Protein chains: 2
Amino acid sequence: MAEELIGNVLVAQSGGPTAVINASLAGVVTEALNYDCIEEIYGGLNGVLGILNEELIDLANESQQNIRGLRYTPASALGTCRYKVRKNEDYERILEVFEAHNIRYFFYIGGNDSQDTADKISKLAQEKGYQLRVIGIPKTIDNDLVVTDHCPGYGSVVKHLCTTIKEMSLDHEGMGQHDLVSIVEVMGRTAGWIAAGATLAKRRNTPEDPPHIILLPEVPFSAEHFLESVQVVLKKHKFCMVVAGEGLVDADGNYLTTSSTAKDAFGHSQLGGVGDYLRGLVEQHLGIKARSAKFGIAQRAAAHCSSQADNDEAFMCGQVAVKAAMEGQTDKMVTLVRSEADHYGCETGLAPLGEIANGVKALPSNWINEDRISMNYQFTKYAYPFIQGEVDVPYENGVPKYVCLSKTMVDKKLGQYAVS
Amino acid sequence: MAEELIGNVLVAQSGGPTAVINASLAGVVTEALNYDCIEEIYGGLNGVLGILNEELIDLANESQQNIRGLRYTPASALGTCRYKVRKNEDYERILEVFEAHNIRYFFYIGGNDSQDTADKISKLAQEKGYQLRVIGIPKTIDNDLVVTDHCPGYGSVVKHLCTTIKEMSLDHEGMGQHDLVSIVEVMGRTAGWIAAGATLAKRRNTPEDPPHIILLPEVPFSAEHFLESVQVVLKKHKFCMVVAGEGLVDADGNYLTTSSTAKDAFGHSQLGGVGDYLRGLVEQHLGIKARSAKFGIAQRAAAHCSSQADNDEAFMCGQVAVKAAMEGQTDKMVTLVRSEADHYGCETGLAPLGEIANGVKALPSNWINEDRISMNYQFTKYAYPFIQGEVDVPYENGVPKYVCLSKTMVDKKLGQYAVS
């Protein structure tokens, strides 16, 4: 056991929510209750923004029911943000808030931008000699964090996608006296992890089983190859199921989208429209009816169809973060470590925040088949365990009954701060 | 009991599939097994097309597991079609096939186009003195059949929509430091039954609860009123959740769509794009970020999130159709009849096919609030029971395990027929 550090916990969530980001929060709260040196358990509202604004809530004041309900409640119960901390003043202010509320343990649930923020907070605290333990908890449907084998949130988005692809395929199969090309546009800005995951909707990993064509941002789009592949599928089947990552690019690296390109606060391009682009291509060049669907935000919020394996791992990451901090660890992110055994097993590790912060894990190119539109057994073997098991979501009046935190505000101790 | 008519059953499915169309099929097969006068139970592949082509399968040969699995398997297990029977020769051919296979009971699961076809088959049989009992089984997510209180398939599409709206709303709520308008485009060509159903996602039927704005095809779209309403919502909330029926029209009756208008075999306009249209409107006129989602076919195929009440009623309609035929009824469609009691109860009735065939049930205008963008308690009271209960779908390897009929073909007895 490390030197005892008495003080308060602060946990916050950042970036795009997932179906299981609150399961990690539940893990933190549940575990934190076990330690005497933890006096208060606070939640920061809207990620780092709430910390800057000193908007903290008392999580120990939430009912047991609420904390338990976080296990299956999607979206960000604490609120999240896409605010990018850039200024030194911001970091100074964060430490000021931490000192004012005697925050000694900071847990930040988020992707690489968030781990970068956590890293800088941690470094500044060390510099100033303020005793603080900072542990990051991985979260992203994009599955693009380095070091960790995979990320909580990814399995659930893939499970929902595969379920939907399977249902749509059945629908198309039953409809088919005419050729139909069905396109599903999925999230995935730079990496095709989500689009690739759709391959798990196949019963067997053969070209016969839908989805027939998977278009990855990693593979420069060739209209010719795509249209040829569609025709090959339609010769054998009544329909062709296509899954396309929103970040699809042509050989010159330009996004395939019908809409103009805007950028968000992090400089990421705002995408959309690749489904409609492909639909137009098929209809114009092949004269075949095409449909496109785009689930948007529903993909990452679909807790009603989330993965128990993913949920369990998200919860575990929250618990492990607290345990690691209790053991004196700091400036680390919890990672998921795959066991080497024949059957899937998942343990945890720790990696320096700095290592996670600005890396992006690419989909291995040797997991893509030679045809460039399907995934091989190595991908299937990798991703298959993440979608196993179904989370039992309670329903009330016909719709899922999710919890909403009561959010007792912690009294402010500092003056206002101008977030800009 | 009516005069005993010994012979074979033929059941077929038509039009767009639903999450529970196979539950009705299961109802027919399960009930038909109870009667000695029924010798064979055949299924026609791809609706009336399969009958014209004499493509019949032996449903009695399917495993018990398969028939039970139909209860939760979405899409059309027999295959369906949108072929419109227009020529007299087609009707003659159908009767020829019926005679060749001694079909004495014909059950057609479909919407009003299908009930029209069933009606004409029944009339021709009577004209020719061929003993045949024809019973229609209602099916349509559009909920637009007349006489029947509601239609199997509707409750499930609404349950999936409400679940998704609820999840998306939670996601938006947690994200919100900036204003966001989120638009979901839903099915519904002429009537807003599905869009209206989204109101059941509200915890309480107040303007505060999402979805905040429901745009119905019945209410001519006014860009001004819409943009004003969005602004009112955004003054109180961080996001504005909009549900729009795909068949939204302006004051002149023109569809609001960014794409060109094609027509299907029945002369219905092929729609799409109202979500993107509204997104553009918001972004251009209000300068506020907007997102649109379109679930497409996934809406009607989402058995993983289907309604047990809907499923039970779909199954019951199949059973009742067989019972009615056994009692000597013909040329009727099974209807759902709401009990007059305070609590919801549902029985069945029968209505002449001709009455169903070409009617379209409109959403009562007095169920729409004065603001024209929300539904009142009368609608809620009406639709609320249809989304109750959750169908327990079995999963295998992380995705739903749906059944696929083995489809033992019945030997053909006639020559080929040229379907045109």
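## Terms and the sheet of chain A

Two strands are said to pair if DSSP finds at least two bridges between them. Strands of a sheet pair through backbone hydrogen bonds, either parallel or antiparallel. The model described here is predicted.

In chain A, 7 strands make up an open sheet in the order E3-E2-E1-E4-E5-E12-E13, and the pairing is mixed. Strand E3 (56-58) and strand E13 (346-352) of chain A are the edge strands, each of which pairs on one side only. From one strand to the next, the twist averages 30°. Within this order, strand E4 (residues 103-110) of chain A runs parallel to strand E5 (residues 133-138) of chain A, and 6 bridges join the two. One of the residues concerned is Tyr105(A), whose bridge partner in E5(A) is Arg133(A).

## The sheet of chain B

Chain B also has an open sheet of 7 strands with mixed pairing, in the order E3-E2-E1-E4-E5-E12-E13. Strand E3 (56-58) and strand E13 (346-352) of chain B stand at its edges with a single partner strand each, so one side of each has no neighbour in the sheet. The twist in this sheet averages 30° from one strand to the next.

An antiparallel pair is found where strand E12 (residues 332-338) of chain B meets E13(B), over 7 bridges. Thr335(B) has Gly349(B) as its bridge partner in E13(B).

## Helices on the sheets

Which strands does H1(A) lie across? The helix lies across strand E1 (7-13), strand E2 (38-44), E4 and E5 of chain A, and runs at about 175° to E1(A). In chain B, helix H5 (residues 112-128) lies across strand E4 (103-110), strand E5 (133-138) and E12, at about 165° to E4(B).

## Helix against helix

In chain A, helix H1 (residues 21-32) packs against helix H11 (residues 308-326) at an angle of about 40°, and their axes are 7 Å apart. H1(A) and H11(A) are therefore oblique to each other. The crossing in which H1(A) passes H11(A) is right-handed. Residues of H1(A) in this contact include Ala23(A), Leu25(A), Val28(A) and Glu31(A), and those of H11(A) include Ala314(A), Phe315(A), Met316(A) and Lys323(A). By class, the contact of H1(A) with H11(A) comprises 11 nonpolar, 6 polar and 2 charged residues.

In chain B, the axes of helix H4 (residues 88-100) and H5(B) come within 10 Å and cross at roughly 70°. H4(B) and H5(B) are therefore roughly perpendicular to each other. H4(B) contributes Tyr91(B), Ile94(B) and Leu95(B), which meet Lys120(B), Ile121(B), Leu124(B), Ala125(B) and Lys128(B) in H5(B). The residues of this contact divide into 6 nonpolar, no polar and 2 charged.

## How the two chains are arranged

The contact takes 49 residues from chain B and 48 residues from chain A. On the side of chain B that touches chain A, the elements giving two or more residues are helix H6 (154-175), strand E11 (289-294), helix H10 (298-301) and strand E15 (399-400) of chain B. H6(B) supplies the largest share of that side, 12 residues. By class, the side of chain B that touches chain A has 25 nonpolar, 15 polar and 9 charged residues.

## Local features of the backbone

A cis peptide bond joins Pro210(A) and Pro211(A), with omega about 0°. Pro211(A) is placed in the loop between helix H7 (193-197) and strand E7 (213-215) of chain A. In chain B, the peptide bond from Pro210(B) to Pro211(B) is cis, and its omega is near 5°. The loop between helix H7 (193-197) and strand E7 (213-215) of chain B holds Pro211(B).

Asn46(A) is a residue other than glycine with a positive phi, near 55°. Its place is in the loop between E2 and helix H2 (48-52) of chain A.

Terms used
Residues are numbered from 1 along each chain as its sequence is written. Chains are lettered from A and ligands numbered from 1 in the order in which they are written. This is a predicted model: local features need pLDDT of at least 70, side-chain atom pairs count only at pLDDT 80 or more; totals for chains, interfaces and linings use all residues. Axes are lines fitted to C-alpha atoms, for helices over the stretch in contact, and angles run from 0 to 180 degrees between N-to-C directions. Helices (H or I, at least four residues) and strands (E, at least two) are DSSP runs, numbered from the N terminus. Angles under 35 degrees count as roughly parallel, over 145 as roughly antiparallel, 65 to 115 as roughly perpendicular and the rest as oblique. A crossing is left-handed if the near helix is turned anticlockwise from the far one by less than a right angle, and right-handed if clockwise. Two residues are in contact if their C-beta atoms, placed from the backbone, lie within 7 Å. Ala, Val, Leu, Ile, Met, Phe, Trp, Tyr, Cys and Pro count as nonpolar, Asp, Glu, Lys and Arg as charged, and the others, Gly among them, as polar.
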